[in-house]
Amino acid sequence: MFGLLGKPDKKLYSVRVNSNSPNCHFAIKNSLLDFIHIAKPDWSELVVMCIGTDRSTGDSLGPLVGSKLEKLNNIESVYIMGTLEEPVHGANLEEKLKKLEKFKNPLCIAIDACLGSLENVSTISVGIGSLKPGAGVKKELPEVGHIYITGVVNVGGFMEYFVLQNTRLAVVMKMANIIANSLESTILDLTLLKTHKKA
């Protein structure tokens, strides 16, 4: 629904950062600013869609980020969707996407947890293009976002639902804090730039 025309080169327009590295906040923020400028520099409204559910530890990354960013709803033209109180998940995703049709020219940043290889657990990926929620648990859901942020919360490939339910909260919380802090800093920079252009 929000994918770019043509497929961007994933290697050229994606970055993977280990959440244990000391400069991960800066790497994520700088990547977001670069990718937003490439993907949709003329955006009017910024929508951060945080996908997941609080009923599963591993799948709570998105709602945790959303709850940490809720205060940004007070900024003009910034909208946070998907929190612990009101999650965006497989059962209501299409309904939430329909709400975006009311926006004039939205830029959507989609956030979701994912499963991966053992060496990639605790890494955060940022890139241009849509993410496909539910892919790790074989669900067919619409693609979301002009920009994606995913966090590898655990190892995939076998009994995915069970793995998500038994993911360590400490791992998810650490990545949620990093993503939320990076996004908050990015959004504040973007809104300042927009204000200067209007002046």
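User: Where does Gly90 lie?

Analyst: Gly90 lies in the loop between β3 and α3. This is a predicted model, in which local features need pLDDT of at least 70 and side-chain atom pairs count only at pLDDT 80 or more, while totals for chains, interfaces and linings use all residues. Residues are numbered from 1 along each chain as its sequence is written, and side-chain values use heavy atoms, with hydrogens and water left out.

User: What makes a stretch of the chain a helix or a strand?

Analyst: Helices (H or I, at least four residues) and strands (E, at least two) are DSSP runs, numbered from the N terminus. The chain has 5 helices and 6 strands. Their order along the sequence is β-α-β-α-β-α-β-β-β-α-α.

User: Why is Gly90 called partly exposed?

Analyst: Buried means under 20% relative accessible area, exposed means over 50%, and partly exposed is in between (1.4 Å probe, protein chains only). Gly90 has a relative accessible area of 33%, so the label is partly exposed.

User: How much of the chain is buried?

Analyst: Buried residues make up 50% of the 199 residues. The chain exposes about 10200 Å², and carbon and sulfur atoms supply 54% of this area. Accessible areas come from the Shrake-Rupley method with a 1.4 Å probe; for residues, only the protein chains shown count as cover.

User: What makes α2 mostly covered?

Analyst: In α2, 7 of the 9 residues are buried. They are Leu61, Gly62, Pro63, Leu64, Val65, Gly66 and Leu69.

User: Why is Ile187 called buried, and which residues is Ile187 in contact with?

Analyst: Ile187 has a relative accessible area of 1%, and therefore counts as buried. This residue lies in helix α5 (residues 169–198). Contact means heavy atoms within 4.5 Å. Leaving aside neighbours within four places in sequence, Ile187 is in contact with Leu46, Val48, Leu72, Ile75 and Val78. The C-alpha atoms of Ile187 and Val48 are separated by 10.0 Å, and the two residues are 139 apart along the chain.

User: What share of contacts in the chain join residues at least 24 apart?

Analyst: Among contacts between residues at least 6 apart in sequence, the share is 74%.

User: How do you know that Asp189 and Lys29 meet in a salt bridge?

Analyst: A salt bridge is a side-chain nitrogen of Lys or Arg within 4 Å of a carboxyl oxygen of Asp or Glu. For Asp189 and Lys29 the N to O distance is 2.8 Å, and the pair is a salt bridge. The pair links distant parts of the chain, with Asp189 in helix α5 and Lys29 in helix α1 (residues 24–39), 160 residues apart. Asp189 has 28% relative accessibility and so counts as partly exposed, whereas Lys29 has 18% and so counts as buried.

User: How many salt bridges are there by this rule?

Analyst: The count comes to 2. Glu184 and Lys71 also meet in a salt bridge, at 3.5 Å, N to O. Glu184 is in helix α5 and Lys71 is in the loop between α2 and β3, so this pair too links distant parts of the chain, 113 residues apart.

User: What makes Phe158, Met159 and Phe162 a nonpolar surface patch?

Analyst: Patches are made of residues with over 30% relative accessible area and no salt bridge: like charges are joined within 9 Å, nonpolar side chains (Val, Leu, Ile, Met, Phe, Trp, Tyr) within 5 Å. Phe158, Met159 and Phe162 make a patch of this nonpolar kind, of about 370 Å². Phe158 is in the loop between β6 (147–155) and α4 (160–165). At 61% relative accessibility, Phe158 counts as exposed.

User: Which residues form the negative surface patch, and why is Glu85 called exposed?

Analyst: The patch is formed by Asp54, Glu70, Glu85 and Glu86. Lys and Arg count as positive and Asp and Glu as negative; His and the chain ends are not counted. The place of a charge is taken as NZ of Lys, CZ of Arg, CG of Asp or CD of Glu. Glu85 has 73% relative accessibility, so this residue counts as exposed. Glu85 lies in the loop between β3 and α3 (93–100).

User: Where is Ser122 found, and why is Ser122 called buried?

Analyst: Ser122 is in the loop between β4 (106–116) and β5 (123–128). With 13% relative accessibility, Ser122 counts as buried. The phi of Ser122 is near 80°, a positive value in a residue other than glycine. Most residues other than glycine have a negative phi.
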